[in-house]
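Happy to walk through this one with you.

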Amino acid sequence: AQVGSLLSQVSSWPPATHKACRMELQSAGSELQLEMESSERQTQQEARRCQWARQHPRVILSLALFVMLLSIIAYLTLPQVIIQSRMNQATIDLSTCILEIGPHADAKITPTVGFSVSKDVLQLPLVSFTAHIKVTGADVSFRNGERLEKIGSFELAREVDIDSSKDINMNLSGVMTITEPQSLATLVNLFILNPTVTLGASAKVNILAKVWGWLPVPFFGITVKKEITQPAFNDFKKNNIQLGDLLTSHGKNGLLNVTASAKVFNPSPVTMIMNDPFQMQVFYPYNGKDYKLGTLFMTPPLKLTPGPNLPTATIGINPSRDEAAIRDFISKYIGPQDGFTPAGGKSKPLAVTIRDDGDQTSSSQLVREATRGLQVTVDFRPKMIYFLSEITADISGSSSWPFYKIMVHLSVKNPVPGITRVKRVNLRAYHLNRSGPLLYNYDHDIVPPTFNPAKYTMKAFQNLTVDFPLDPLREVNFGALFNPKEILQLMSEGLSKKITLGISLNLTVLIDDSYEQVCPYENNALWGDLCFHLSE
């Protein structure tokens, strides 16, 4: 009916319209024919491909296996690449770490690591996820030059859950076991000598992820690596080890044991605890050579926390072999003074070197390995100390030749925390300074009946004034009186009742009645009071 209606309409068209319509119909027919031919060709091509596939099944199987292999490789490697790239952008710092050595040569490290990652780093294109991560084990190493040396293994205390839509900011704790004691010794050396130490970890992790919150995707045995750099002691260049306080002293059988505290600053986040006793050798440089000053004994536990510390140790001194070096050390410890300015304090450092004692360092092999080859400089200068704080002289008339007497009074401080008895005094006094002419030379043993030894006994750190009678005929140097310039200067000082002297003093003392030591002391120029009396 529609065709009939259309034909009835066409029959009424003018000839020109008939012609145009025929042309359009011919064009549409041509296009339809082309489409049919193209469809036929595609059908033939698909038929040929199917026929080729039926004729070559091994090739098709090989291609399928190849695609499967590529998928497996992508599954195994792509997650590790992605996870490692995210780990490289993570911020990891050693928040706290406790290194505990001993007792009985055991070693345990319990670090706490701060771990933070931005959610922008975690996100993947078109993918959100949550993950449960289990660390199956980690090898911990440190960088020694260009190579990494393994030091032990680390076990994380708990498993970790992350969400790609949230920032990660957590502390991770665990226990580390030292498996390479020799590497620990190297690490301790690097830790003391270098400004920084680089630590590295390589861990195997198992990850159970859920993509879009529901699709489980497991990954097993993914290896992740990370290195962090931590501050170290830098050979104590910035924060030198310094003497704190002398606590006790004990002399016995020619040996002197002095227990003292030391100021030690720990710039790292590592708390070190030594539960095994150990000993070190103490050396002092003298005349271009290092002389053994004594042996340092450390009684456990030794604990160094981050920041300032004040540990104690005992130094045993045996002067039998290097008496000259020990005298020089004592001289610099209590002086030299210039006037009544104090020794110690901000004066020139008094450096000693602490080194390991070889196989005698400790009964613990781990401690021996950890301290082998160590060499640490310690500033042994004391706090401000006034060994000699005052000098006066009473000059009184006498009825016998040379008709005057001199009594010298010295106010001295006992620099050790033990009872000290003065046994001998050797004092040389020079006019104006130690380069001036000798005025008198006093050299006496403190023995009865001339001296009462009880008056020359000092308690720990006691300030005591000791008296020394001066014999004008035998101990005064009259050579200075033949110099007119010196005579005028002495007369001027006599009128002002002030005199300036340079002092060289060798004080022989007995500590705890069993340790004898000569204490040299120098003062370049100090002033003293002169008191004149008509009679005694």
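Below are some questions and answers on this predicted model.

Q: Why is Leu 61 called exposed?
A: Leu 61 has 52% relative accessibility. The label exposed asks for over 50%, so Leu 61 counts as exposed. You will find Leu 61 in helix 3, which covers residues 57-89.

Q: What makes Leu 61, Leu 65, Met 68 and Ile 72 a patch?
A: These four residues form a nonpolar patch on the surface, and together they have about 400 Å² of accessible area. Nonpolar side chains are joined within 5 Å, and patch members need over 30% relative accessible area.

Q: How do you know that the span of helix 5 is close to the expected one?
A: Helix 5 runs over residues 181-193, 13 residues in total. From its first C-alpha to its last, helix 5 reaches 19 Å, close to the 18 Å expected at 1.5 Å a residue.

Q: Which residues of helix 5 are buried?
A: Ser 183, Leu 184, Ala 185, Leu 187, Val 188, Asn 189, Leu 190, Phe 191 and Ile 192 are buried in helix 5.

Q: Why is Thr 186 called partly exposed?
A: Thr 186 also has its place in helix 5. The relative accessible area of Thr 186 is 21%. Buried means under 20% and exposed means over 50%, so Thr 186 falls in between and is partly exposed.

Q: What does Thr 186 touch, not counting residues up to four places away in sequence?
A: Thr 186 touches Phe 142, Asn 144 and Glu 149. As for Thr 371, 185 residues separate it from Thr 186 in sequence, while the C-alpha atoms of the two are 8.8 Å apart in space.

Q: What makes Glu 149 and Arg 147 a salt bridge?
A: The closest N and O atoms of Glu 149 and Arg 147 are 2.8 Å apart. The cut-off for a salt bridge is 4 Å, so the pair qualifies. Glu 149 is also buried, because its relative accessible area of 15% is under 20%.

Q: How do you know that Lys 150 and Asp 139 meet in a salt bridge?
A: Their side chains come to 3.5 Å, N to O, and a salt bridge needs a distance within 4 Å. Lys 150 lies in strand 4 (residues 147-156) and Asp 139 in strand 3 (residues 129-144), so this pair ties together parts that are 11 residues apart in sequence. Lys 150 is partly exposed at 37%, and Asp 139 is partly exposed at 39%.

Q: What separates Arg 327 and Glu 323 in helix 6?
A: About one helical turn separates them, because they are 4 residues apart in helix 6, residues 323-334. Arg 327 forms a salt bridge with Glu 323, with the closest N and O atoms 3.0 Å apart. Arg 327 counts as partly exposed at 31%, and Glu 323 is partly exposed at 25%.

Q: How many salt bridges does the structure hold?
A: The structure holds 10 salt bridges. Arg 424, Asp 443 and Asp 445 are linked in a network of salt bridges.

Q: Why is Asn 426 called buried?
A: Asn 426, found in strand 21 (residues 420-431), has a relative accessible area of 19%. Buried means under 20%, so Asn 426 is buried.

Q: What makes the pair Asn 426 and Asp 443 a polar contact?
A: Their side chains meet at 3.1 Å, and the cut-off for the N or O atoms of a polar contact is 3.5 Å. Leaving aside neighbours within four places in sequence, Asn 426 is in contact with Tyr 442, Asp 443, Ser 504, Leu 505 and Asn 506.

Q: What is the phi of Leu 432, and where does Leu 432 lie?
A: Phi of Leu 432 is near 75°, a positive value in a residue other than glycine. Leu 432 lies in the loop between strand 21 and strand 22, and counts as partly exposed at 34% relative accessibility.

Conventions:
Residues numbered from 1 in each chain as written. Predicted model: local features only at pLDDT ≥ 70, side-chain atom pairs only at ≥ 80, totals over all residues. Heavy atoms only, no water. Helix = DSSP H or I, 4+ residues; strand = E, 2+ residues; numbered from the N terminus. Expected span 1.5 Å × (residues − 1). Buried < 20%, exposed > 50% of the residue type's maximum accessible area, 1.4 Å probe, protein only. Patch = residues over 30% accessible without salt bridge, like charges linked within 9 Å, V, L, I, M, F, W, Y side chains within 5 Å. Areas by Shrake-Rupley, 256 points an atom, 1.4 Å probe, with all protein chains shown as cover. Polar contact = N/O pair within 3.5 Å; in protein donor to acceptor, adjacent residues only side chain to side chain. Contact = heavy atoms within 4.5 Å.
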